[in-house]
Each structure stands twice: as C-alpha cells, then as structure tokens.
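Please read it alongside the sequence and the model shown here.

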Amino acid sequence: MKKLIVALVLVGTVSFSWAQSKTVQDFQNKYKDDRDAKVVSLNGSLFELIGSIASYDEGDEDAKTIARIAKGIQSMEILAIPMHKSGFDSKSMDDMRSALKKEKYEELMTVKEGSNRMYFMTQGTDSQVKNMLVIMKEDEEFMVMSINGTLEMKDLAYLAKNHKNWE
C-alpha cells in the first residue's frame with residue numbers, strides 16, 4: 001500500500017492549476033471538449049484520502065511526509081491533444097512559456113530529446129512550490145499537466161533523498 005501511495009504522490013509531484021493560469025485555462029477551454037482530447041481530472045478529496053491513509057502510521061517519517069504532500073494538493077488536471085489538432089509548433093511552445101513567465105511561473109527544468117520538449121514550471125517561493133505545471137510537446141501530442149496546491153520544498157527534498165528506500 002505504501003508503494004502505491006508513494007507512486008501516486010511522485011507522479012503528482014513530478015508532473016499543474018487551471019484556475020491559476022489564464023494561459024493554461026485558455027488552452028483547456030479551447031481543447032477540453034475536442035473528441036480527440038485526453039482529459040484527466042483529480043480533485044482534492046482523492047489527495048485528502050491518500051494523505052489520511054498515509055498518516056495512520058504515525059511513527060513512519062516516510063508516511064508522514066507523503067501525508068503532508070498529498071494533503072497539500074488541491075487538484076490535478078491533465079489535458080493532451082494530438083499535434084495535428086492543436087497546431088502547436090516550437091514557436092507556439094515558446095509563446096506559451098513566455099506567457100507563463102509573465103504570470104510569475106519559473107522554469108525549473110527543461111528536457112529536450114530530438115524535437116520533443118518538456119518544461120517543468122512552478123509558482124512559489126524558496127520554501128514552497130505552488131501550482132506546478134508540466135508542458136510537453138512530442139511528435140504526436142501536446143500535453144499540459146497542472147497541479148494546484150502548495151507543496152513544501154523540505155518534503156519534496158525528503159522524498160527525493162529517500163525514494164530508493166522504498167524499492
């Protein structure tokens with residue numbers, strides 16, 4: 001059970017808030033009802049449940065960290081659309097990133113492989129991550145993942161440092 005909870009939290013933390021970003025909200029509104037769109041929405045109640053389950057083991061620091069992270073997530077949204085439908089290209093991706101930077105998103109990490117691009121962006125402070133986004137352009141698909149909530153950097157650092165102990 002612990003591995004399942006860790007996997008869900010890690011997926012969520014490595015992965016963005018529709019309501020917090022006009023740029024992302026405009027993208028979602030444009031494509032969410034398209035028949036070729038893939039949409040996944042997870043609300044805070046699910047993360048509250050995960051946090052409650054993890055917090056039962058009061059003596060386990062791993063479980064307490066997972067509980068704090070899960071309880072800090074209010075929602076998660078994923079929207080993916082085929083490239084032929086979105087019309088996105090490298091310039092469109094750069095325009096989206098520029099618009100997000102104007103909305104006070106900071107680029108944490110960039111991954112490039114061939115023509116594929118993935119950008120991790122967040123709002124927040126040195127001690128907290130808020131409204132994490134992952135935007136990704138592949139040959140066949142464009143995807144935006146949004147996590148709305150507040151995550152403490154110390155908890156994320158703890159997970160990163162100790163994740164090998166859970167294998």
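Are Phe 27 and Tyr 31 buried or exposed? Phe 27 and Tyr 31 are both buried. The model is a predicted one. Its strands form an open sheet of 6 members, and ring pairs link Phe 27, Tyr 31 and Phe 142 into a cluster.

**Aromatic contacts**

- The structure holds 2 aromatic pairs.
- In one of them, the ring centres of Phe 27 and Tyr 31 are 5.1 Å apart and the planes stand at 55°, so this pair is tilted.
- Phe 27 and Tyr 31 are 4 residues apart in helix α2 (residues 22-31), a separation of about one helical turn.
- The rings of Phe 27 and Phe 142 have centres 5.2 Å apart and planes at 70°; the angle is over 60 degrees, so the pair counts as edge-to-face.
- Phe 27 belongs to helix α2 and Phe 142 to strand β6 (residues 141-152), so their pair ties together parts that lie 115 residues apart in sequence.
- Phe 142 is buried, as is Phe 27.
- Elsewhere, Arg 97 places its charged end over the ring of Tyr 119, at 4.0 Å from the ring centre.

- The order of the strands is β1-β2-β6-β5-β4-β3, with antiparallel pairing.
- β1 (38-43) and β3 (106-113) are the edge strands, each of them pairing on one side only.
- On average, neighbouring strands of the sheet are turned by 10° against each other, direction ignored.

**Strand pairing**

- β1 and strand β2 (residues 73-82) run antiparallel and are joined by 6 bridges.
- Leu 42 is positioned opposite Met 76 of β2.
- β2 is also joined to β6, by 9 bridges, and these two strands run antiparallel.
- Glu 141 in β6 is the bridge partner of Pro 82.
- Between β5 and β6 there are 9 bridges, again in the antiparallel sense.
- Met 143 in β6 is the bridge partner of Met 136.
- A hairpin is formed by β5 and β6, with 3 residues between them.
- Of the 12 residues of β6, 10 are buried, so this strand is largely enclosed by the rest of the structure.

**Helices on the sheet**

- Helix α2 lies across β2, β5 (128-137) and β6, and runs at about 55° to β2.
- Helix α6 (residues 90-102) also packs on the sheet, where it touches β3, β4 (116-124), β5 and β6.
- The direction of α6 makes about 170° with that of β5.

**Helix α7**

- Which residues of helix α7 (residues 153-162) are buried? They are Asp 155, Leu 156, Leu 159 and Asn 162.
- Viewed down the axis of α7, these buried residues fall within an arc of 145°, so they line one face of the helix.
- Lys 154, Ala 160 and Lys 161 are exposed on the other side of α7.

Notes
Residues are numbered from 1 along each chain as its sequence is written. This is a predicted model: local features need pLDDT of at least 70, side-chain atom pairs count only at pLDDT 80 or more; totals for chains, interfaces and linings use all residues. Side-chain values use heavy atoms; hydrogens and water are left out. Buried means under 20% relative accessible area, exposed over 50%, partly exposed in between (1.4 Å probe, protein chains only). The arc is that of the directions from the helix axis to the C-beta atoms. Rings of Phe, Tyr and Trp (its six-membered ring) pair if their centres lie within 6.5 Å; planes under 30 degrees apart count as stacked, over 60 as edge-to-face and the rest as tilted. A charge sits over a ring if NZ of Lys or CZ of Arg is within 6 Å of the ring centre and within 35 degrees of the ring normal. Two strands pair if DSSP finds at least two bridges between them. Axes are lines fitted to C-alpha atoms, for helices over the stretch in contact, and angles run from 0 to 180 degrees between N-to-C directions. Contact means heavy atoms within 4.5 Å.
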